[in-house]
Amino acid sequence: MLATLFRTLGLTPDAETHQETETVREIATVLTETSPDRARLLAAFAYLLGRVAFADHDVSEDERAIMEARLATEADVSPGQAAHLVRLAVRATGSHGAAEDYQVAREFELLATREEKLNLLRALFTVSAQHGITAVEDNEISRIASVLRLERSDVTTLRHEFREAINARQRRE
């Protein structure tokens, strides 16, 4: 609670603003021609996409393609770089646990603007909608949104926008 107050007042300690996880550092190595902070932001973006795609313990080729397309669009990187980012992110997502998931989301939250957070949220729904949004994916998106300090109304608005994908999955189950 105090950390939130300090952040709101612009009194965040330097250590918190420059927090970097090993996972993000490894993924960011792909982006050699990008500023370090931007590379960290995009690496965290890729990891969080992978986290939602891997929520059901399988990342389909369709999900990978959407992740690569979103990264190419959001990051303005080459298709090859986007594919490499996705490979690293999916591998990292499958080998780390909840603590690392939280730390990467927290790192993204510290680096991103509100608009970038909302772009990530939309991308998370887009990736999970490929085969219908499962309850586990929807819960994962909600957890990420919470760490990003997004309003419940932001999640609800996008959930409503993707309601067909949520409903399609429920009809199949």
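**A helical chain and its nonpolar core**

Leu49, Phe108 and Leu120 touch the most other members of the largest nonpolar core, which has 52 residues. Helix α4, residues 36-53, gives the most to this core: 12 residues. In soluble globular proteins, nonpolar side chains tend to be buried together. The model is predicted.

Now step back to the whole chain. The protein chain has 11 helices and 0 strands. Read along the sequence, the pattern is α-α-α-α-α-α-α-α-α-α-α. The chain has 173 residues, and 46% of them count as buried. Take the contacts between residues at least 6 apart in sequence: 75% of these join residues at least 24 apart.

Return to Leu49. Which residues is Leu49 in contact with, leaving aside its neighbours within four places in sequence? They are Met67, Arg70, Leu71, Leu120, Ala123, Leu124 and Val127. Met67 and Arg70 are in α5, and both take part in the meeting of α5 with α8.

Start with α4 and α8. Two packed helices are described by the angle between their axes and the distance between the axes. The axes of α4 and α8 come within 9 Å and cross at roughly 30°. An angle under 35 degrees counts as roughly parallel, so α4 and α8 are roughly parallel to each other. Their crossing is right-handed.

Next come α5 and α8. Helix α5 covers residues 61-75, and helix α8 covers residues 114-128. Their axes come within 9 Å and cross at roughly 160°. An angle over 145 degrees counts as roughly antiparallel, so α5 and α8 are roughly antiparallel to each other. Here α5 passes α8 in a right-handed crossing. On the α5 side stand Glu63, Ile66, Met67, Arg70 and Glu74. They meet Asn119, Arg122, Ala123, Thr126 and Val127 of α8. This contact divides into 4 nonpolar, 2 polar and 4 charged residues.

Conventions: Residues numbered from 1 in each chain as written. Predicted model: local features only at pLDDT ≥ 70, side-chain atom pairs only at ≥ 80, totals over all residues. Heavy atoms only, no water. Axes fitted to C-alpha atoms, helices over the stretch in contact; angles between N-to-C directions. Helix = DSSP H or I, 4+ residues; strand = E, 2+ residues; numbered from the N terminus. Parallel < 35°, antiparallel > 145°, perpendicular 65-115°, else oblique. Left-handed = near helix turned anticlockwise from the far one by under 90°. Contact = heavy atoms within 4.5 Å. Nonpolar A, V, L, I, M, F, W, Y, C, P; charged D, E, K, R; others polar. Core = buried A, V, L, I, M, F, W, Y, C linked by side-chain atoms within 4.5 Å. Buried < 20%, exposed > 50% of the residue type's maximum accessible area, 1.4 Å probe, protein only.
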